[in-house]
Amino acid sequence: MLALLASPVLAAQGPTATSASDVKAAYLYRFGPFIESPAPTGAPTLCVTGDNAVAGALERLAREDSAADKPVVKRDAGSAAGCAILFVGHDETHAAALLKTADGGSTLVVGEDAPFLRAGGMVAFILKDRKLHFSVNLANVRAAHLKLSSELLKHAAEVIE
Amino acid sequence: MTGEAAPTERFRGGTIRQKLTRTTTVVILTALVLATSAFFPYYVIAGRRAISRALTVQAQMIALNATSALLFDDDRAGKETLAALKADHNVIAAAIYSNGGRLFAAYEAPGSTPLAATIDTSTGDAITFSGLTAAASQTIVSRGRTVGYVRIAYSVRDLLVDVVRFLLITAAVLVIAVFGALQAARRVQRDLSDPITQLAEAALTVSRKTDYSVRVPPNHSVGELGMLIDTFNAMLSQIQARDEELDASARRYQRLNEELERRVAERTAELQAINKELEAFTYSVSHDLRAPLRRIDGFSGMLAEKYGPQLDQDGAHYLTRIREGTLVMGRLIDDLLNLARLGRKELTPRPTDLGVVVTRIIDGLGRESEGRTIHWKRDPLPIVQCDPALMEVVLTNLLSNAVKYTRPREEARIEIGVQQNGGAPTFFVKDNGVGFNMKYAEKLFGAFQRLHRADEFEGTGVGLATVQRIIHKHNGRIWVDAELNKGATFYFSIGGIPA
């Protein structure tokens with residue numbers, strides 16, 4: 001976690017943004033512009049479930065953001081419906097069911113660790129070389145009729161076709 | 001006169017070719033220097049502007065590509081973005097900084113020093129030049145927020161190389177242009193200077209050797225020069241023609257002169273021959289006349305002697321007249337013989353005391369001057385180189401003439417003198433006799449020419465002709481000064497006979 005603390009980008013986000021949750025929140029908050037969705041545009045909704053720390057950090061980021069079309073944060077989302085991004089935290093016990101709600105919708109489902117991608121998840125945070133990265137399962141992304149920009153994919157630790 | 005210097009050496013300012021070369025080179029140099037000094041700053045400024053533009057584009061590209069790397073804290077992607085700069089060898093170093101001004105990713109060309117770990121974030125977007133380096137500062141903005149900075153250090157070596165290349169090209173152009181100018185000058189030399197040199201040399205030849213046969217080879221490469229050469233040649237032709245004409249006429253005159261001289265010589269020879277013939281004729285006639293005359297004289301003498309008393313008065317008178325006539329004729333024949341003999345006689349000159357000669361003559365004139373009052377005035381005369389016998393003839397003639405033509409004077413004055421004025425002495429015989437009109441002076445020395453009637457003053461008219469003959473034989477001169485009734489003075493000089 002010390003490497004995270006040293007990261008200049010995340011450190012710049014604010015004096016308190018020092019935890020892994022803050023980094024995850026910052027990533028989630030920034031994914032928006034890199035997602036191409038068939039759903040109508042406008043202020044995207046960021047849904048969080050099973051990780052209150054990340055939810056809290058997101059809410060803080062949204063508060064500090066002065067942009068007009070800044071994302072809306074929704075805690076404890078029970079389903080993927082209406083969410084541009086759905087983050088499934090470690091504490092979520094019904095992950096599989098939640099993933100099902102995203103089928104056919106246009107929600108980017110983000111979870112924790114690589115196995116999540118095999119379970120139908122699209123983006124997963126992974127810790128590698130004491131630094132937070134993310135991997136992408138492109139097949140699952142396509143199945144949701146979404147497109148991730150190459151600019152984002154460039155930064156992915158692993159992209160599964 | 002120093003004379004032999006080549007025409008071009010004698011005049012300052014160099015040849016046409018040198019002048020042309022100098023002028024052309026100066027013009028080219030000036031043009032190039034002007035062009036270079038005008039283009040050089042423009043070139044540098046334009047070069048800097050181009051670098052600025054390229055650098056700005058590069059910095060913006062890096063900023064754009066680095067945005068997501070910064071957003072997702074992907075320094076590897078940041079490095080990769082920067083690595084693209086490798087393609088531009090002018091990039092010395094580049095770096096991406098976080099929005100806090102701390103180094104995020106860096107790139108440096110091999111052997112170059114990396115950029116600083118932190119930067120002053122207040123620079124904004126700018127391109128600055130310092131020395132051989134340009135620096136680009138670019139802010140990275142994402143969705144209205146500054147997320148980082150790009151810095152690029154850029155070498156302007158290419159611009160320097162371009163400038164050096166520009167200068168080298170200018171120098172090359174200069175060299176080529178000067179070489180071209182030299183070639184052009186050489187051509188102009190051929191077209192302009194050569195004909196002029198030929199002209200000058202031809203003019204020199206003409207003036208030194210007065211040789212009008214030289215011609216300048218016609219050259220029509222330059223109009224005026226060609227015209228000048230043609231005119232010069234035409235002028236020479238005219239002069240030559242006139243010169244030849246002059247020569248021809250001089251030769252003609254010489255021929256004419258020779259012809260004249262030849263004719264004069266011929267005529268002289270003819271005249272001399274005639275003269276000789278005449279003399280021979282005179283001599284033989286005189287000689288042949290003597291025999292019959294002697295017979296007339298002899299028999300008339302015997303007639304007077306034997307039959308004189310038997311003749312009456314008239315008969316005696318006629319006989320006397322015959323005797324007188326015979327006498328006169330005898331004298332005339334003697335004179336003529338003398339004159340004729342002179343033509344053949346060679347001079348036998350020797351030192352002669354003229355005073356002695358004069359004394360002897362005066363003594364001999366005693367019979368003629370009997371009963372007369374004659375005042376003789378005699379200068380002492382020098383010893384001169386002459387033929388004494390002939391000179392006695394001269395003086396006898398002159399003195400007896402003086403005695404004869406002073407006969408009407410109660411007191412005759414006869415002066416014999418000499419004038420020494422520089423050269424040969426001039427002798428004179430002066431009398432106060434009847435004289436004569438000077439307009440007849442020329443007749444005086446001709447044979448048988450007389451100014452007085454024989455019954456006034458006896459004479460044969462041969463005496464002065466003989467005198468003149470003798471004087472001329474002595475290479476001398478005789479002339480007379482006289483006035484009617486006031487007397488006459490005969491002058492003569494004898495020169496050219498070595499003493």
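Me: Why is Arg75(A) called partly exposed?
Reply: In this predicted model, Arg75(A) has a relative accessible area of 34%.

Me: What makes the contact of Arg75(A) with Glu59(A) a salt bridge?
Reply: The definition asks for a side-chain nitrogen of Lys or Arg within 4 Å of a carboxyl oxygen of Asp or Glu. The N to O distance between the side chains of Arg75(A) and Glu59(A) is 2.8 Å, so the pair counts as a salt bridge. The pair links distant parts of the chain, 16 residues apart: Arg75(A) lies in the loop between strand 3 and strand 4 of chain A, and Glu59(A) lies in helix 4 of chain A. Glu59(A) is partly exposed, at 25% relative accessibility.

Me: How do you know that Glu392(B) and Arg360(B) form a salt bridge?
Reply: Their closest N and O atoms are 2.7 Å apart, and the limit is 4 Å. This pair too links distant parts of its chain, with Glu392(B) in helix 7 and Arg360(B) in helix 6 of chain B, 32 residues apart. Glu392(B) has a relative accessible area of 24% and is therefore partly exposed. Arg360(B), with 44%, is partly exposed.

Me: Why is Lys486(B) called exposed, whereas Glu483(B) is called partly exposed?
Reply: Exposed means over 50% relative accessible area. Lys486(B) has 58% and so is exposed, while Glu483(B) has 45% and is partly exposed. The two side chains meet in a salt bridge of 3.8 Å, N to O, a value within the limit of 4 Å. Over all chains, the structure holds 20 salt bridges.

Me: Why is Gly50(A) called buried?
Reply: Buried means under 20% relative accessible area. Gly50(A) has 16%, so it is buried. Gly50(A) is found in the loop between strand 2 and helix 4 of chain A.

Me: What makes the phi of Asn475(B) worth noting?
Reply: Most residues other than glycine have a negative phi. Asn475(B) is a residue other than glycine, yet its phi is positive, near 60 degrees. Asn475(B) lies in the loop between helix 8 and strand 11 of chain B, and at 54% relative accessibility it counts as exposed. Thr210(B), which is not a glycine, has a positive phi of about 45 degrees; it is found in the loop between helix 3 and helix 4 of chain B.

Me: How do you know which residues of the lining of the largest cavity are nonpolar, polar or charged?
Reply: Each residue type has an assigned class, and Gly counts as polar. The lining comprises Leu354(B), Leu381(B), Leu395(B), Ile416(B), Gly417(B), Phe427(B), Phe428(B), Val429(B) and Phe492(B). The division is therefore eight nonpolar, one polar and no charged. The volume of this cavity is about 40 Å³.

How values were computed: Residues numbered from 1 in each chain as written. Chains lettered and ligands numbered in written order. Predicted model: local features only at pLDDT ≥ 70, side-chain atom pairs only at ≥ 80, totals over all residues. Heavy atoms only, no water. 1 Å grid on protein atoms, 1.4 Å probe; cavity = no way out; pocket = protein on both sides within 12 Å on 5 of 7 lines; lining within 4 Å. Points joined across faces, edges and corners; volume = space filled by probe spheres on them. Helix = DSSP H or I, 4+ residues; strand = E, 2+ residues; numbered from the N terminus. Buried < 20%, exposed > 50% of the residue type's maximum accessible area, 1.4 Å probe, protein only.
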